[in-house]
Amino acid sequence: MTQDSVNTSGVANTPITGRPTKYTDDLASSICEGLASGLSLLAICDGPDMPGVTTVYRWLEEKVSFRDMYSHARRLQADSKFDEADEIAKNATAENVHVA
């Protein structure tokens with residue numbers, strides 16, 4: 001075993017296998033812009049050249065900068081959804097409110 005194949009804890013490094021990530025800062029920004037504008041993560045990931053939802057969740061675990069950006073986008077999305085619900089409630093009348 002060579003020095004290069006051992007990590008600092010003395011355990012042999014295992015090569016990472018699988019597809020290379022398609023994560024880029026531009027892709028992360030695009031995902032977060034979509035969230036902030038009110039789109040669901042499912043809708044965003046359904047778009048062309050977008051990663052799957054599970055890939056986004058993995059990136060959230062692995063990439064602190066993406067996690068921070070994503071969290072901020074979700075806060076903006078929540079504010080937008082609240083404003084939308086508030087407007088609907090303010091404009092409700094007996095004629096346009098239906099109870100399910």
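Which residues is Y23 in contact with, leaving aside its neighbours within four places in sequence? I opened my notebook with that one, and the entries below follow from it.

**Entry 1: the model and the chain**

A reminder to myself before anything else: this is a predicted model. I looked up the secondary structure and found four helices and zero strands in the protein chain. Read from the N terminus on, the elements run α-α-α-α. I then checked burial, and buried residues make up 22% of the 100 residues. For the surface, I noted that the chain exposes about 7,700 Å², and that carbon and sulfur atoms supply 55% of that area. I also looked at contacts between residues at least 6 apart in sequence, and 49% of these join residues at least 24 apart.

**Entry 2: Y23**

Back to my opening question. I found Y23 in the segment before α1. Leaving aside neighbours within four places in sequence, Y23 is in contact with A28, W59, K63, S65 and F66. Is Y23 buried or exposed? Its relative accessibility is 15%, so Y23 counts as buried.

**Entry 3: α1 beside α4**

Next I turned to helix α1, residues 25-36, and helix α4, residues 64-90. Their axes come within 7 Å and cross at roughly 15°. That angle is why α1 counts as roughly parallel to α4. I looked up the handedness too, and α1 passes α4 in a right-handed crossing.

Which residues of α1 meet α4? I listed A28, S29, I31, C32, L35 and A36 on the α1 side. On the α4 side I wrote down F66, M69, Y70, A73, R74, L76 and Q77. Sorted by class, the residues of this contact are 10 nonpolar, two polar and one charged.

M69 has its place in helix α4. Apart from neighbours within four places in sequence, M69 is in contact with A28, S29 and C32. I also checked M69 against E33, which is 36 residues away along the chain, and their C-alpha atoms are separated by 9.6 Å. With a relative accessibility of 29%, M69 counts as partly exposed.

Q77 lies in helix α4 as well. Is Q77 buried or exposed? I read 9% relative accessibility, and therefore Q77 counts as buried. Not counting residues up to four places away in sequence, Q77 touches L35, A36, G38, L39 and S40.

**Entry 4: α3 against α4**

My last stop was helix α3, residues 53-62, where it packs on α4. At what angle do α3 and α4 pack? I noted about 115°, with the axes 6 Å apart. The two helices are therefore roughly perpendicular to each other.

From α3, the contact uses V56, Y57, W59, L60, E61 and E62. From α4, V64, F66, R67 and Y70 take part. By class, I counted seven nonpolar, no polar and three charged residues in this contact.

**Entry 5: tying back**

A last look at names that came up in several places. W59 of α3 is part of the contact with α4, and W59 is also among the partners of Y23. F66 of α4 meets α1, takes part in the contact with α3, and is in contact with Y23.

Terms used: Residues numbered from 1 in each chain as written. Predicted model: local features only at pLDDT ≥ 70, side-chain atom pairs only at ≥ 80, totals over all residues. Heavy atoms only, no water. Axes fitted to C-alpha atoms, helices over the stretch in contact; angles between N-to-C directions. Parallel < 35°, antiparallel > 145°, perpendicular 65-115°, else oblique. Left-handed = near helix turned anticlockwise from the far one by under 90°. Contact = heavy atoms within 4.5 Å. Nonpolar A, V, L, I, M, F, W, Y, C, P; charged D, E, K, R; others polar. Buried < 20%, exposed > 50% of the residue type's maximum accessible area, 1.4 Å probe, protein only. Areas by Shrake-Rupley, 256 points an atom, 1.4 Å probe, with all protein chains shown as cover.
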